[in-house]
Amino acid sequence: MSLISGLSKATCGFLRTGTETIFGLQQVRNKWTNWHMLKDYKRRMCVKEHAADRLRLVAIKRNDILPFELREAAADELHNNFPRDSSRVRCRERCMITSRPRGCVKRFRVSRIMFRHFADYNLMAGMQRAMW
Amino acid sequence: MLQTLKKLRLSTWSYRPTCSVRWYSDDEKPDKKQKPSGKEQPKAKPIDNKEAISRLNALLESMPSTASKSKIEIPLAPNKKKTPSKESKESLKKHIDALRDVSERIAKKIGGNTEKTEAELLSQLLGQSNLKYEGNLVNLIADMKVESEPIKKKEQWKDQEYSLAEGVRRSLGQQNERRFTRRIESTPGVVNLFGAEPMGLFEKASEEKDPLETWSKLQQRELKLAVTHPPRNYFEKMILWTEQGKLWKFPIDNEQGMDEEFATDFSEHVLLEMHLEGWCPTSGPVRQFMELVCVGLSKNHYFTAKEKKDHILWYKKYFEEKKDLLDGNRKIFNIVAYTPDAQFSQHIMPLMNLIPRARQCHQPYAEIFTNLQGKPSDGWFKGFKQRHPKVCLRKPELA
């Protein structure tokens, strides 16, 4: 067990999400609802990691004051040297319970079905059935 | 005969009340009834008889005096504090006198500084008997104060075992507070481990990494859990959360937890040009860009002052790395203001399908105008039109 976990530590990056395995020696299990949910989580962690650098390079790339060589270099770096998952647009807002990618109420981070369920049981602060 | 008498005695004795304030002495006969007070005796006969009178007298004599009352034996706790009685004090004084004489004699025999040796001897001897004395040797007994303290609790602990929590805390290394204070006489003295040179008997131990990393971590965790008690009820949970900062504190303060922000002045947030000093050129595209960055940051409500500073310093580092691009072979003309938007992609941000004229712009060579016939017009600022090229130089040579 320790050998496997040690090896898996060496092979994977520092982000440990409970899915480390080596070539089918170990059944992979995690507590996420979905694999989609887990992947989205990994993307978000990646975004967080590279957010600052990306912001600065994008500012260099998109401005029109600096010489274009510099901006070209910044564009090139963003395109090649940054992982794709560091881009914010790749993250999808999912329901945090059911992992539903559509119909997600952003404020509560749940899908519309779950939202209705909780609101009906008075578990959403301040939410009330609309009536006018 | 005796045995029968004894039996009688025993039988009569059993009817006696167990606790009585006064009772008669053992000499009296067991047949007689026992009454609490002998004064109230029924007088069956008149007091005329001499016999009766004599009997009365005998009885009265036999009655115990009020002074010698027998005490009630109530099981009380013994008085622990031993106050030094007069007798003990006197004996102590005698003891100390004897010690003093002895120490004098010894000091004389040894020779040298007699007073010093005497003082040392006496301190050694008296220290053990838990006495204190102040003042110099001459006024030793006059200044002496006899203190008999009760046994300290700490000494009792030496024999007791430690509780489980105690043992755990010790192993964790948190046992700095409860060390027993040893008496000064029993310690060997100050030991300096690194005073002398090492003898070189042992090889340096190899610093191997602990192979059972997880195990040791779990062990540490277990020890911690054994010592810390989880919350017993929801109230304690909420207290814990409040202390951790997960719950709001009452009265509600919207700026709870933003103590560092309170400490930073607004000038650190708004006046960010000071971070440009030293490295940023005073004019040019880089300066313009950085000033815009500073303006943008000064209006940002979400960055901390430190983050803003780091942001600017990142740019410093970046521009230092890309220095060759800034003043390299390529042309650096700020032609933005004079280039219409339609030609942006051709001149400013070249991608592909460049018109021939734009293609010339991006050549590595600069064209110097030595014979300028025309007046400064739009062509002047575009800079790359081939007017009257006389000399063709590369950019570094220009600089």
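1. A search of the whole structure finds 11 salt bridges over all chains, a salt bridge being a side-chain nitrogen of Lys or Arg within 4 Å of a carboxyl oxygen of Asp or Glu. Side chains of opposite charge can pair when their charged atoms come close. This is a predicted model, in which local features need pLDDT of at least 70 and side-chain atom pairs count only at pLDDT 80 or more, while totals for chains, interfaces and linings use all residues. Residues are numbered from 1 along each chain as its sequence is written, chains are lettered from A and ligands numbered from 1 in the order in which they are written, and side-chain values use heavy atoms, with hydrogens and water left out.

2. In chain A, Lys106(A) forms a salt bridge with Glu93(A), and the closest N and O atoms of the pair are 3.6 Å apart. Lys106(A) lies in the loop between β1 (104-105) and β2 (110-111), and Glu93(A) in the loop between α3 (68-80) and β1, so the pair ties together parts of chain A that are 13 residues apart in sequence. Helices (H or I, at least four residues) and strands (E, at least two) are here DSSP runs, numbered from the N terminus. Lys106(A) counts as exposed at 60% relative accessibility, whereas Glu93(A) is partly exposed, with a relative accessible area of 40%; buried means under 20% relative accessible area, exposed over 50%, and partly exposed in between (1.4 Å probe, protein chains only).

3. Turning to chain B, the side chains of Glu213(B) and Lys217(B) meet in a salt bridge with an N to O distance of 3.8 Å. The two residues are 4 residues apart in helix α7 (residues 213-227) of chain B, and they are therefore separated by about one helical turn. Glu213(B) is partly exposed at a relative accessible area of 30%, while Lys217(B) is exposed at 56%.

4. Lys306(B) counts as exposed, with 59% relative accessibility, and Asp310(B) is partly exposed, with a relative accessible area of 35%. Elsewhere, in chain A, salt bridges that share partners join Arg43(A), Asp85(A) and Arg90(A) into one network.

5. The packing of two helices in chain A also deserves attention: α2(A) and α3(A) pack at an angle of about 140 degrees, with their axes 8 Å apart, where axes are lines fitted to C-alpha atoms, for helices over the stretch in contact, and angles run from 0 to 180 degrees between N-to-C directions. The two helices are therefore oblique to each other, given that angles under 35 degrees count as roughly parallel, over 145 as roughly antiparallel, 65 to 115 as roughly perpendicular and the rest as oblique. The contact (heavy atoms within 4.5 Å) is made by residues including Arg54(A), Leu57(A) and Val58(A) of α2(A), and Leu70(A), Arg71(A) and Ala74(A) of α3(A).

6. Where is His50(A) placed? His50(A) is in helix α2 (residues 35-62) of chain A, and it is buried, with a relative accessible area of 17%. Not counting residues up to four places away in sequence, His50(A) touches Phe82(A), Pro83(A) and Ser86(A).

7. Ile97(A) is found in the loop between α3 and β1 of chain A and is partly exposed, with a relative accessible area of 34%. The C-alpha atoms of Ile97(A) and Trp32(A) are separated by 9.1 Å, although these residues are 65 residues apart along the chain. With residues up to four places away in sequence left out, Ile97(A) touches Thr33(A), Met37(A), Val110(A), Met114(A) and Phe118(A).

8. As for chain B overall, there are 17 helices and 2 strands, and buried residues make up 15% of its 399 residues. Ser103(B), in helix α3 (residues 86-110) of chain B, counts as buried at 1% relative accessibility. Leaving aside neighbours within four places in sequence, Ser103(B) is in contact with Glu118(B), Leu121(B) and Leu122(B).
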